[in-house]
Amino acid sequence: MFWHNFKYSLKTLFKNKPLIFWTFAFPLIMATLFNMAFSNIENQEKMDIIDIAIINNSEWNDNEIYKNSFDVLSSDDNEERIFNIDYVNAQKASELLEAGSIAGYIELIDEEPVLTFNTNGLDQTIIKLVTEEIRQTESVIKNLSEEEIQKEITSGNYNIDYESIHNKVVELTKEDNVRLKDISNSNLSYTMIEFYTLIAMTCLYGGILSMTAINESLPNMSNKGKRISISPTKKRTIIFSSLFASFIVQLVGLSLLFIYTIFALKINYGNNIGFIILLSIMGSLAGLSLGTFIGSIFKANENTKTGILIATTMFGCFLSGMMGITMKYIVDKNIPIINKLNPASMITDGFYSLYYYGDNLDRYWFNIISLLIFSAILIIISYIFLRRQKYDSI
Amino acid sequence: MIVFKTFLKVLRKNLPIVILYTTILLVFGISNMSTSENNMNFVASKPNIYIVNNDKSDGITKNLIDYISNNTNVINIENNEEKINDALFYRDVNYVIYIPKNYNNDFMAGKNPEIKIKSLNDYGANLTEMLLERYIQVAGIYRKSIIDENELILKINDTLKNDVKVNITSKLDTNSLDKASYYYSFASYSILACLILVICLILSSFNEEKIRKRTIISSTNYKKHNRILLLANFCYAFILWSLYVIVSFILVGKIMFSSYGLLYMLNSFIFTICATTIALLVGSLITNKGAINGIVNVIALGSSFLCGAFVPMELLPDSILKIAHILPTYYFIKTNEILKTLEIVEFNSLKPIFLNMLIIICFSIIFIILSNIVSKKKRKIA
């Protein structure tokens, strides 16, 4: 009987077109859109070369420090080139600024640089910082040279070689005193999380499948349910074979998503593909149990049940960062208990810990176990609700 | 009037959908406009950082921390490696600085101690790194000739306070304009989804075979019937548009009362008309009620993703933007982007905006013609 019901559940599920659209095609469409829209974001976060203008007057050309520094910073040979410089007169510069083709311009007035920007912004902040750095280096050189000269004078040497002092001080400023070591994790890409929430959504959407399967066998939902219920078969057998069928359909959907994202969209899931598959299977189980739970404890028509399921799933996905990753972080930071109970978060957090923490699997296993407990509790409650149900009238 | 009444009746049934998409708009509108760390908001030029100090807080260490914190926003998080890593990943902080034990003494002894950092490698992180490097560099140079710690700190601060004078020419309230553009671009999704979904559902109720047969044999002229239906649809669209405009006044504020606000409203009004014509076309094409939900989401999500309603246009790859040219949403969002940086409101600077609006109107006309052709073909029932 188990396999008989299994076979027909499988058939009815696969032939339900809207259902197949939402569980199979919709995630694929979303994956395609994500891939198109996010493919460029990561590159944009890095620094671009900034277009600026410099007022080309005699004061600029006479000032060696500024002139040389900006020459180096805008030189084509310099790998760490920051600026692309236009040397123009004052009028042209303000025209360029208004047209938006430069981020700002620099003018030397009384040996002090003055910056003119249209608005505040990051490019502008960088220009300001770089100019400040040059100005401060200039002041360091001045201070040190004065000190050196003072030393020479106090030691009684009045025959001062200014050239060599200047060179010595400049050499001193060129020495690199900075030792920084970057220990950040290399996996900082944002877009992967979007795909993870998409997998989480697909897993939880599977709940519609199990809910449909449950509805089919409930006497108060359909005529077929009535017939199934009066048949001399254990409820357990019916329920579990229907659930098993919907689980299989869901796994087919998930594997389609994985195949599509890996081979067509070339998404790199990293070395942990085995763990990722395990997590998505657990996630599907959670989705399945959520669908079963809502299908069995609510006594309402099919549309209302679907509404409740979709609303719950979407709200869970929203909290787990589907529509903006900051949301998950805000919840994690302020009310962590919510995401500890939210299956969507368990799935995305599991993926996140795999991706970001790599070898340290504690957080991953915590999420897997949470998903298992979540599914077990919901299935047990549904089972208690469904068994020995009697109807006085339908 | 009977047609109109029926329209309202069906609309009332579908009110939850309108409420759902409006709530989505509001939630995202508010949450994205109020957080400073989001991508589109380049105005916040102070990077967010976190400092882990393993040294005693005095001398050079304290001075370094003071200098960095004066020029950045130090974010308040728990001092716990996992929390710090999470904060970095979710872009809550751009840069983390770990000051090692005994930094102060080692530095004064000339050991040039190493500082560990964690970096997102984005703008904010690079800015912080520049600040940090500069401090260490200046301090390192002076340390070679100054032995006394207090004198050294004085000298460093004296040098580092040499800042540069900055003039800002624009009088634009870029922050509000950013908000308004973001709101209206995002609204394109809600407008499209709400209009197409509801209008399709209503039209499909009118197009049910039994009801259509009854309408056809009734004494009402079918032209009149269609006209009232069209009018009712545009009424609904107008109400929806007004709702979103009112919300924008609340969320964005003062700038909406200026000529900019007027342009945003005009632009979104024309887009709403276009969305209504799209809805009519889709409604005349689809007969299966079950399919409506899917198709609407594909159209609304697809055009919003491709045209930059969710991910800002400047971050989209060029190839995607080229494809987006065939969608009316592109021209709508493009106008919002232009408005964001528009310096002077006069006929010449507004030309590209009017051109975009004209293109959207052309799209609407094409959609109307197409839906007329389709519905004419479908009029006969066997």
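## Terms and model

Two strands pair if DSSP finds at least two bridges between them. Helices (H or I, at least four residues) and strands (E, at least two) are DSSP runs, numbered from the N terminus.

This is a predicted model, in which local features need pLDDT of at least 70, side-chain atom pairs count only at pLDDT 80 or more, and totals for chains, interfaces and linings use all residues. Residues are numbered from 1 along each chain as its sequence is written, and chains are lettered from A and ligands numbered from 1 in the order in which they are written.

In chain B, strand β1 (residues 48-53) and strand β3 (residues 95-99) run parallel and are joined by five bridges. B:N53 has B:I99 in β3(B) as its bridge partner. These strands belong to an open sheet of five, ordered β5(A)-β4(B)-β3(B)-β1(B)-β2(B), with mixed pairing. At the edges stand β5 of chain A and β2 (73-74) of chain B; each has a single partner strand, so one side of each is left without a neighbour in the sheet.

Two helices of chain B pack on this sheet. Helix α3 (residues 59-71) touches β1, β2 and β3 of chain B, and its direction makes about 170° with that of β1(B). Helix α6 (residues 123-143) touches β1, β3 and β4 (115-119) of chain B, at about 30° to the direction of β3(B). Touching here rests on contact: C-beta atoms, placed from the backbone, within 7 Å. Axes are lines fitted to C-alpha atoms, for helices over the stretch in contact, and angles run from 0 to 180 degrees between N-to-C directions.

Another open sheet has five strands in the order β2(A)-β1(A)-β3(A)-β4(A)-β5(B), and its pairing is mixed. Its edge strands are β2 (83-88) of chain A and β5 of chain B, each pairing on one side only. Neighbouring strands are turned by 25° against each other on average, direction ignored.

Strand β1 (residues 50-55) of chain A runs parallel to strand β3 (residues 104-109) of chain A, with three bridges between them. There A:I54 stands opposite A:I106. β3(A) and β4(A) are antiparallel, over six bridges. A:L108 has A:P113 in β4(A) as its bridge partner. The hairpin of β3(A) and β4(A) has two residues between the strands, and A:D110 takes a positive phi near 50° in it. Between the chains, β4(A) pairs in the parallel sense with strand β5 (residues 165-168) of chain B over four bridges. A:T116 stands opposite B:N167 there. α7(A) lies across β1, β3 and β4 of chain A together with β5 of chain B, at about 180° to β4(A).

## Chain A and chain B in contact

The contact draws 60 residues from chain A and 65 residues from chain B. On the chain A side, elements that each supply at least two residues include α2 (17-38), α7 (122-154) and α8 (162-174). α7(A) gives the most, with 14 residues.

The chain A side has 28 nonpolar, 19 polar and 13 charged residues. Ala, Val, Leu, Ile, Met, Phe, Trp, Tyr, Cys and Pro count as nonpolar, Asp, Glu, Lys and Arg as charged, and the others, Gly among them, as polar.

## Domains

Bounds come from an automatic or database domain assignment. For chain A it gives domain 1 (46-174) and domain 2 (193-386). Their C-alpha centres lie 59 Å apart. For chain B it gives domain 1 (2-34 + 176-378) and domain 2 (48-160). Here the C-alpha centres lie 51 Å apart.

## Helix pairs

In chain A, the axes of α2(A) and helix α11 (residues 235-264) come within 9 Å and cross at roughly 20°. α2(A) and α11(A) are therefore roughly parallel. Angles under 35 degrees count as roughly parallel, over 145 as roughly antiparallel, 65 to 115 as roughly perpendicular and the rest as oblique. Residues of α2(A) that meet α11(A) include A:F24 and A:L28; those on α11(A) include A:L256 and A:Y260. This contact has seven nonpolar, four polar and no charged residues.

In chain B, helix α8 (residues 174-206) and helix α10 (residues 222-252) pack at about 155°, with their axes 10 Å apart. That makes α8(B) roughly antiparallel to α10(B). Among the residues that meet are B:Y183, B:I191 and B:V198 in α8(B), and B:Y236, B:L240 and B:Y244 in α10(B). This contact has 17 nonpolar, three polar and one charged residues.
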